[in-house]
Amino acid sequence: MSTMLALLLTLLILMILIGGAAGIKSYLSIIINFCLVFLVALLISWGANIILTAACFVPLKLLTIIYLGTHDTRIADKSFLSSFSVTVIIVLLILLFNFLAQTPGIGEQAGEDLIGLSDGPGLGFAAIGVIVAVFSTLGAISEAAVAMSAGLIELKHQNEDLSALKFYQSGLNIGEDILGTAVNTILFGFFGSFLALFIWYTRLNYTVSQILNDKLFAQEFLIMCYSIIGVLLVIPLTTFVVAHSKKI
Amino acid sequence: MKKKYWLSLVVLLVGICAVLFTYFNTNYQATIAVITHVEQLDDVKVKDQYDDTDHEITQQLTLRVLNHQHQGKNYTLKNTYEKSQLQDQKYHQYQRVFVQIRRNQVSISNVKRDWVIVLIIFTLALLMMILIGNKAWLVLASLILNSVIFYAVIRFDIQKNGAGTITIYSLAAIIFATVSFLLYQGIHQKMLAMLTSTIVALLLSFGLSYLIMRLTNEKGITYMAVEYATQSPRSLFIGQTLLGVLGAVMDESTDIVSSLSEIIYHNPRITGQQLWQSGRAIGQEIMGPLINVLFLIFMADALPMTILYLRNNNAIAYTFEYTLSLGVLQSLISAIGIVLTVPTATLCAYYFLVKREASK
């Protein structure tokens with residue numbers, strides 16, 4: 001048995017044990033999400049319009065993450081509403097900063113990996129960079145929105161006669177904690193995903209200014225910041241959405 | 001309240017100054033030039049070996065050098081790039097670039113991007129000040145502190161040259177977790193519950209995954225596909241995986257303990273059974289989305305390469321193996337950590353927040 005299959009099975013068993021039927025749905029959401037990412041890659045490689053593909057798949061991914069991953073439709077509705085609005089704002093931010101930083105394509109460090117591959121494939125890699133950035137942030141945004149509304153709704157559920165002021169105070173408490181750790185998830189995800197690159201910079205004695213101006217570093221650093229900004233915007237928006245929904 | 005806006009204003013002003021300074025700064029070792037004029041000379045349709053059409057565009061650039069011995073001199077050069085901008089890129093008027101000048105021949109080595117990094121850092125700081133207030137400093141401090149620790153860990157790893165990876169990165173993970181929780185929470189029962197849950201879940205899930213890896217003889221793990229490897233790719237993979245798991249497990253421990261502690265605060269006599277119900281309810285809701293966070297970070301990264309491989313008529317299985325498979329493995333191990341955190345976080349919340357408080 002290959003390692004991947006064994007890990008897949010272990011995860012399935014654990015998710016059923018701890019999550020029950022809900023666990024199976026979460027498991028499905030991850031599989032579907034993977035298929036969506038791969039489908040995006042396939043469609044673009046066949047020459048599909050990159051902007052249109054993104055416009056179709058971004059809401060689709062949010063829907064899968066939130067509605068299949070979350071099992072309480074009250075939580076899902078609120079999370080979708082707030083995370084979709086945040087995503088729209090973030091896309092505008094990404095377009096602006098990606099234009100300013102001018103980081104299309106693949107870094108010079110990938111040189112060896114590119115041997116035998118075409119360097120004029122006829123695809124807009126600047127636009128693909130935007131998709132990569134949007135996709136990377138989607139997870140963080142929707143997770144923060146779900147965690148926020150799950151906590152807030154559970155709180156409302158346990159204490160139905162909570163005053164509006166106390167609710168906002170508790171909301172801010174939960175939000176601060178969520179921001180703190182969401183930032184860490186993003187940071188460590190970023191460290192984890194680019195450990196090899198940082199070791200490369202250190203081993204080859206890059207100067208600080210060389211790193212700060214490097215294409216790959218800029219790409220990754222910007223993506224990390226987009227995700228954190230997304231999570232930041234989720235906190236007030238979700239508290240607002242949950243507080244102003246009558247039926248809970 | 002007023003103080004917050006004054007501080008935000010200060011951050012805004014300092015930010016504007018810092019961005020302008022970095023943008024116009026010419027005090028670098030390398031030579032800097034500004035592109036004063038761009039003219040497109042040629043646009044040729046080209047076909048690659050896989051029959052895909054691209055455009056090869058040639059621009060004539062006029063540069064004015066801004067520092068060092070050639071300061072003030074103007075140069076012209078030709079830049080040829082593919083419209084795809086996969087490896088080479090298009091230049092714009094007023095863009096600042098690093099150049100190399102040899103015998104009156106000028107070549108562009110890189111685009112100046114540091115000012116954009118400064119710009120986004122201040123955008124982030126400003127938004128944090130306005131939306132969160134005081135806690136913004138803590139978040140920023142933890143970002144900086146963790147980066148410093150990360151740098152120290154890398155130095156240490158290079159010294160060991162890929163040996164003892166599991167020990168190095170497990171210890172690093174525990175230090176990262178302790179530092180972050182100390183900063184955000186201070187020392188109290190809630191923090192202890194979060195920290196204990198994080199460490200237990202991290203070691204448990206990595207231990208389990210590593211056991212599975214060994215039992216299956218690491219069959220099908222394409223270590224060759226680790227990007228930018230300057231040391232044993234297996235050690236890089238293990239380090240990356242441990243760091244990825246850490247973030248997710250920390251996040252979920254905090255979410256669950258934090259929500260449970262609000263519930264305990266409003267209802268101190270909650271039973272273990274009720275707490276497990278609530279913990280599981282919260283856990284079930286965030287499990288899926290959280291797994292997707294890391295999954296997307298790991299996947300999206302490999303997307304450009306995946307697209308390129310597929311575009312170059314590689315088989316789907318081959319493309320998957322060389323571009324996405326390691327990210328999938330990392331996500332799976334993180335996912336196992338995330339699922340195991342639900343019981344550990346609830347148990348820790350019960351032990352530290354209900355039992356210990358009651359015995360006081």
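**Figure 1. Where chain B meets chain A in this predicted model.** Let us start at the contact between the two chains, which takes 114 residues from chain B and 108 residues from chain A. On the chain B side, helix 7 (residues 272-311) of chain B gives the most, with 28 residues.

**Figure 2. Chain A, built from 8 helices and 0 strands.** Follow chain A from its N terminus and the elements read α-α-α-α-α-α-α-α. The next two views pick out helix pairs from chain A.

**Figure 3. Helix 3 and helix 5 of chain A, packed against each other.** Helix 3 (residues 50-69) of chain A and helix 5 (residues 125-158) of chain A have axes 10 Å apart and pack at an angle of about 20°. That angle is under 35 degrees, so the two helices of chain A count as roughly parallel to each other. Helix 3 of chain A passes helix 5 of chain A in a right-handed crossing. Which residues meet here, between helix 3 of chain A and helix 5 of chain A? From helix 3 of chain A come A:Ile50, A:Ile51, A:Ala54, A:Val58, A:Lys61, A:Leu62, A:Ile65 and A:Ile66. They meet residues of helix 5 of chain A including A:Ala127, A:Ile128, A:Ile131, A:Val134 and A:Leu138. Also on the helix 5 side of chain A are A:Gly139, A:Ser142 and A:Val146. The residues of this contact divide into 13 nonpolar, 2 polar and 1 charged.

**Figure 4. Helix 6 and helix 8 of chain A, crossing at roughly 165°.** Here the axes of helix 6 (residues 164-203) of chain A and helix 8 (residues 215-243) of chain A come within 10 Å. Their crossing angle of roughly 165° is over 145 degrees, which means that helix 6 of chain A is roughly antiparallel to helix 8 of chain A. The crossing of helix 6 of chain A past helix 8 of chain A is right-handed. Sorted by class, the contact of these two helices of chain A has 18 nonpolar, 4 polar and 1 charged residues.

**Figure 5. The open sheet of chain B, with 5 strands.** Over to chain B, where the strands of this sheet pair in an antiparallel way and have the order 3-2-1-4-5. Strand 3 (74-82) and strand 5 (105-111) of chain B are the edge strands, each pairing on one side only. From one strand to the next, the twist averages 40°.

**Figure 6. A closer look at strand 4 and strand 5 of chain B.** Strand 4 (residues 96-102) of chain B runs antiparallel to strand 5 of chain B, and 6 bridges join them. B:Val99 stands opposite B:Ile108 in strand 5 of chain B, while B:Phe98 has B:Asn110 as its bridge partner in that strand. The hairpin of strand 4 and strand 5 of chain B has 2 residues between the strands, and B:Arg103 takes a positive phi near 50° in this hairpin.

**Figure 7. Two domains in chain B.** Stepping back, chain B is divided into domain 1 (31-111) and domain 2 (135-359). How many Å separate the centres of domain 1 and domain 2 of chain B? Taken over C-alpha atoms, the two centres are separated by 43 Å.

Key: Residues numbered from 1 in each chain as written. Chains lettered and ligands numbered in written order. Predicted model: local features only at pLDDT ≥ 70, side-chain atom pairs only at ≥ 80, totals over all residues. Pairing = 2+ DSSP bridges. Helix = DSSP H or I, 4+ residues; strand = E, 2+ residues; numbered from the N terminus. Axes fitted to C-alpha atoms, helices over the stretch in contact; angles between N-to-C directions. Contact = placed C-beta atoms within 7 Å. Parallel < 35°, antiparallel > 145°, perpendicular 65-115°, else oblique. Left-handed = near helix turned anticlockwise from the far one by under 90°. Nonpolar A, V, L, I, M, F, W, Y, C, P; charged D, E, K, R; others polar. Domains from an automatic or database assignment.
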